[in-house]
Amino acid sequence: MLKDLIIKNRSYRGYDESYTFDREQLTEYVDGARFCASSVNIQPLKYFIAWEKADVDIIQSRIKWARQLPHMTLPHPGMCPTGFIVICQDKTVSDNLNRFMKDIGIAAQTILLMAVEDGLGGCMIGNFDAGDIREGLGLPEHLQPMLVIALGKPAETIILTDVGADGNTAYYRDENDIHYVPKRSLEELLIN
């Protein structure tokens, strides 16, 4: 069952905007993340949750999507996420911003798997200016935005494919706007 959730957990860039979140649902995802492992159990991560349109719009306007598809505007108009969780590092707990990258990844994956279990999806976004996010949300200086997680009800098709003989792992979209994600084979990943 966990493997099924992992396979369903894709990086969605198109959402059904009629689905909306409430504070309790996003808080539940953060509650799941708080039980995750943390380097030396320091737990420096804090979470800004956005479900109200004003905050969602602020975040959406300050992030960049799909770096490998610069010719496209994603999400398409009318297909934006309706919730965000911004993972921040509290610099008063630790100002070493590189040390806790593992913690951020573990927390983000946990949040996304919880969303998938609810029939939803999301996308981890690292392409943003932390100061711009902090300013837009009115966060204090000691909170450093590290990762943005977009959340919503997926409204696009994503297909996993095998990496071709050329070794190219770049994701792409076809003429029907179907998103393809090449994955390396298990044999290629195993070290013998």
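## Strands and pairing

Two strands pair if DSSP finds at least two bridges between them, and strands themselves are DSSP runs (E, at least two residues), numbered from the N terminus. This is a predicted model, where local features need pLDDT of at least 70, side-chain atom pairs count only at pLDDT 80 or more, and totals for chains, interfaces and linings use all residues. Residues are numbered from 1 along each chain as its sequence is written, and side-chain values use heavy atoms, leaving out hydrogens and water.

Who pairs with β5? β1 (15-16) does, antiparallel over two bridges, with Tyr15 opposite Pro154. β3 (83-90) also runs antiparallel to β5, joined by eight bridges, and Gln89 faces Gln144 there. Then there's β4 (121-125), antiparallel to β5 over five bridges; Met124 has Ile149 as its bridge partner.

## A three-stranded sheet

Now look at the open sheet with the order β6-β8-β7, where the pairing is mixed. Its edge strands, β6 and β7 (172-173), each pair on one side only. β6 and β8 (179-183) are parallel over five bridges, and Ile158 sits opposite His179.

Terms used
Helix = DSSP H or I, 4+ residues; strand = E, 2+ residues; numbered from the N terminus.
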